[in-house]
Amino acid sequence: MSLEIQEGGPELQSIADFKKGYVYFLNNFQNIVGSFLQFLSTGLTEANKREILSFRKSLDQELDKSQKKIKEIIFNLDEKHLYAQVRKDYPRYFSRFIEDQNRDDFIQFHLIFEMLRYFYIETKEGWEKLKTSVLNNQFTDLEFQKNGLLNYRILPALEKLNSLEILLKRMSYILQIDNPNALNEFKPTKPKYRDKGTYRLSAVFEESLYDKPKELEPEDTGIEYQADEVIKNHKEKSKDNWKSIKEKVKSGGEPNYIQAYGKYTWNSDQHYFFRYEIDKYQAEKALFKNAISLDSHLGADEQVLRSELIRSMTSIEKKSKSGDDFELEYQNFLKQFFTFCENIILMNMMLPSQFKYVFLFHLGPSHFYMIAKKFLMEVNTGYVHARGNDGKKVIRVIPGEYVKKHVIDYWNEVILPNVGEEKNNLALLKKITELIEEKYKEISKLAIQNYDALDPEIKASKPRETIFRENMNEWMGAANLIVFKRFVKNKSF
């Protein structure tokens, strides 16, 4: 590790943009690209156009490529896509599943690292070539060469890329990536997981980062994926999948997605789009044919539920139920449960009842599903008990894709018919956001009070961030956190 890398102060100053998040940095870079494009289209004289003619094509291509890559990463950084990718890639990192937020953070941290690393490798090379082209070209207008192209546009972009390089080096140190050439080659990196590691953006800003001893014998994650699978996960796969999806939709006659958009760009982004996997939905739908019983309560004592399960497995009434009967019962349960979720969210956020449907519209079907799934697991309900293929083993599962499909139905049947033009009222959305931000501040204060009330020995045993991470769901509410992630911009989790 070079002396330059070990100096925490200058390093931390150079990555200050990232204190406001990855997207803030990317948006700043996007602004440089956008300003450059505008300058090329409206700010050049005819003489300037002739002087850059020899490399104008490569200049346009690089700017266009940078713009597209930034948009793609910002799209993939959205929590909805990251959450889904973490769940999907979990087996690539760990041999057995354990419900642990820190493991999820580790996977997410590495996925983001790979996206940014790939962006850095390709983009840095392209902008260095642009710099060389400008320096080697014979300009008659030296002011245009020095300031118009270099000082005001190309060098600021390279400066941003240099700060990204420092961030990636600090991230790679946290991930214990041994390859010293990781920032120069497309070969996928292999991180090492530590139970006590902190895998959040905040970790890169620790001044003593390089002084911390590494834990002995970290768990080998056994990663098998290729780099392009991580970096281009959503966009590339969507190209391959949409053809087959469309064919299935045509044959089935029913779309497997919803575009609950408004009139404007601010209410027509990914938060208003939701879909389910047709194949998985069909497989989960088939579970009802072999169902023994359903957990369809809204909260009850575990012993009572266990006794009820035993009775249900032996009762004549249950044995006489068909798969259609079980499925209809589950559908009715979901409708009641979704109403239950609505009421809990509104009560927790202290939102007036007249805001109900416009709030849910902007919350979006994706976040609503995440809340519903979280509630199902917390209340220990929504499980289908069914016989396995061998007829002996009993499986117990929450049919996630089936629930997604009925979230879409719920949106079409309940939410959209009850929200009118107010969904396009930006002032109303800002008012709802302000109320949620106030609630966030209030609950955050309570979380800090809970931390302050802990025994001093507990506080001394772990870093403050770790304690908050471990207790965040309890102190702030798991469903509340999902709402805050959707609406609160400057959140601290």
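Start with helix α8, residues 142-174. Helices here are DSSP runs of H or I, at least four residues, numbered from the N terminus. α8 has 33 residues, so at 1.5 Å a residue it should span 48 Å. The expected span is 1.5 Å times one less than the number of residues. The end C-alpha atoms of α8 are 45 Å apart, which agrees.

A word on the source. This is a predicted model: local features need pLDDT of at least 70, side-chain atom pairs count only at pLDDT 80 or more, and totals for chains, interfaces and linings use all residues. Residues are numbered from 1 along each chain as its sequence is written, and side-chain values use heavy atoms, with hydrogens and water left out.

Back to α8. It bends by about 50 degrees at L150; the bend is the angle between axes fitted to the seven residues ending there and the seven starting there. After α8 comes Q176, with a positive phi near 55 degrees.

Next, α14, residues 323-349, and α20, residues 478-487. Their axes, lines fitted to C-alpha atoms over the stretch in contact, lie 10 Å apart. The angle is about 75 degrees, on a scale from 0 to 180 degrees between N-to-C directions. α14 and α20 are therefore roughly perpendicular, a label for 65 to 115 degrees. Which residues of α14 and α20 make the contact? I345, N348 and M349 of α14, with N480, V483 and F484 of α20. Contact means heavy atoms within 4.5 Å.

Last pair: α6, residues 79-93, and α7, residues 101-136. Their axes come within 9 Å and cross at roughly 100 degrees. So α6 and α7 are roughly perpendicular too.

Notes: Helix = DSSP H or I, 4+ residues; strand = E, 2+ residues; numbered from the N terminus. Parallel < 35°, antiparallel > 145°, perpendicular 65-115°, else oblique.
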